[in-house]
Amino acid sequence: RGGSGMVAMFGRLLGHRVGLGAASACLGALAVSPLIPRTAESRQAPPTTGERQAPGLDLVMVNVVFRHGARAPLTENYGAHDHEWSYCDRAYEAVRTRIRGLDDTDRPVSQSDERQRKVTFAGGCRKGQLTSAGQLQALQLGSRLRERYVGRGFLPDSYDPAALEVRSTNISRTLDTVTGVLTGLYPDAEEILIETCDDRREWLYPNHRNCARLSQLISGRRRETEKMREKSAYHLGLEEKLRDALGMSPEDGHVRFVELFDVCKTVKFHSAAHHFKMSDGLLRELELVATDQMKRFVAPGDDPEMLALSIGKVLRDLLGGMRRATVEGEGEPPKMKLFSGHDTTLMPLLVALGYDLVDWPPFMSNLIFELFRSGDAHYVRIQYNGEVVRIDGSDARGMVELGDLAKKLSHLTGEVSCEAKLQAAPPVDEQAAPVSNGVE
């Protein structure tokens with residue numbers, strides 16, 4: 001953003017008691033990276049409730065699915081410890097939240113989160129921790145949601161648990177992110193409820209730990225990816241350029257594109273400098289390859305079974321909630337539901353919707369599903385980072401009938417067995433395998 005926009009934003013944040021040290025660190029990071037990601041098509045303000053909307057359309061429900069904000073890297077490799085990670089001070093006073101498990105159980109313990117929190121980088125950030133810039137990204141998204149839905153009368157002025165449901169993975173950065181979003185959305189709330197889930201039951205990302213068949217399919221993709229890599233002159237050449245940029249030798253083994261991209265992107269986001277001798281062009285090459293590779297594992301458009309196992313249950317949650325909102329007499333459904341997840345939550349959702357996913361979803365990327373009523377019909381408009389996602393059969397405004405959307409996604413929302421299929425499988429080269437689900 002321009003300087004005047006940044007100043008205005010921090011002026012608004014004063015109401016949230018922003019810490020001066022954190023604000024200073026954030027200004028340094030945000031000078032080179034935007035808060036909320038915007039596509040080229042969305043640099044104008046996105047459509048808002050009541051604006052550029054056909055007469056007779058009434059907003060009924062909103063689902064917001066988002067990736068967490070900016071964070072420290074998820075790996076200690078590729079020189080992650082050579083950077084000073086001093087970006088994790090508390091950025092503002094957040095609203096109070098109460099975290100519980102599903103079905104009103106106590107909050108479960110996340111072993112994945114505990115493993116990450118045990119690693120501390122120089123400067124004080126823990127592995128995967130939401131940084132001050134990430135906290136501000138979350139706060140800004142919440143403020144935008146407040147302006148868009150509270151300010152225009154769709155949501156109540158004050159927090160009402162009957163109107164807002166909140167779901168997050170049980171990872172510190174996603175819980176901290178949704179807390180920031182809630183602070184922007186309802187800054188005066190006394191306490192807001194967040195529901196989460198234990199690691200083995202979680203379905204907000206492709207979870208091979210709770211699905212033997214998905215684990216089997218991922219293993220197969222690893223073998224395919226390694227064979228393709230060995231035969232690709234481009235990938236071998238890219239490896240050589242990356243080794244030169246990082247001072248690596250061939251004896252250091254294969255360059256794991258996804259893992260390296262994670263380090264280089266987080267360093268570049270939080271500082272004005274590239275990691276080691278990386279460059280804009282080389283980082284862009286790495287992003288394209290890493291995105292393509294990760295899609296093969298978590299968002300394969302060429303494998304409906306794998307895509308259904310990756311994201312089918314999230315689609316059922318979204319469609320089921322919208323269907324219930326269309327039925328009168330079944331209680332009062334929430335007006336809004338927030339889902340705080342990961343890049344690997346958004347990637348398979350985007351591919352399922354037919355979006356041409358080329359770039360890695362930036363920090364704080366979000367998908368908004370708006371459900372409208374017009375007479376007896378119901379329509380859905382979907383936006384990704386402010387850009388309307390065009391679904392087959394949608395009109396010029398991006399509206400698609402709820403029934404048509406459900407039909408388009410029906411091959412992914414049916415029950416798919418997680419039972420592994422008997423087959424002989426050669427061993428997997430774990431050294432060459434990228435992160436499997438984006439959480440660790």
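**Ground rules.** I kept to the predicted model's limits, in which local features need pLDDT of at least 70, side-chain atom pairs count only at pLDDT 80 or more, and totals for chains, interfaces and linings use all residues. Residues are numbered from 1 along each chain as its sequence is written, and side-chain values use heavy atoms, with hydrogens and water left out.

**Disulfides.** I took a disulfide to be a pair of cysteine sulfur atoms within 2.5 Å, and by this rule I found 2 disulfides. Counting bonded cysteines along the chain, I noted the pattern 1-2, 3-4.

**Cys88 and Cys125.** I found these two joined, with an S to S distance of 2.0 Å, and the link is right-handed, with 110° about the S-S bond. Cys88 sits in the loop between strand S1 (58-67) and strand S2 (97-101), while Cys125 sits in the loop between helix H3 (111-117) and helix H4 (132-150), so I recorded a link between distant parts of the chain, 37 residues apart (helices, H or I, of at least four residues and strands, E, of at least two are DSSP runs, numbered from the N terminus). Both Cys88 and Cys125 are buried, where buried means under 20% relative accessible area, exposed over 50% and partly exposed in between, with a 1.4 Å probe and protein chains only.

**Cys211 and Cys418.** Here I read a distance of 2.2 Å between the sulfur atoms, and the link is left-handed, with -105° about the S-S bond. Cys211 lies in the loop between strand S4 (192-196) and helix H6 (212-231) and Cys418 in the segment after helix H13 (410-413), so this pair ties together parts 207 residues apart in sequence. Cys211 is buried at a relative accessible area of 3%, whereas Cys418, at 32%, is partly exposed.

**Other cysteines looked up.** I also checked Cys197, which is buried at 2% relative accessibility, and Cys264, likewise buried at 2%.

**Helices H9 and H11.** The axes of H9 (residues 280-298) and H11 (residues 343-352) come within 10 Å and cross at roughly 80°, the axes being lines fitted to C-alpha atoms over the stretch in contact, with angles from 0 to 180 degrees between N-to-C directions. The two helices are therefore roughly perpendicular to each other, a term that covers 65 to 115 degrees. For the contact, meaning heavy atoms within 4.5 Å, I listed Thr291, Met294, Lys295 and Val298 in H9 against Thr344, Met347, Pro348 and Val351 in H11.

Terms used. Parallel < 35°, antiparallel > 145°, perpendicular 65-115°, else oblique.
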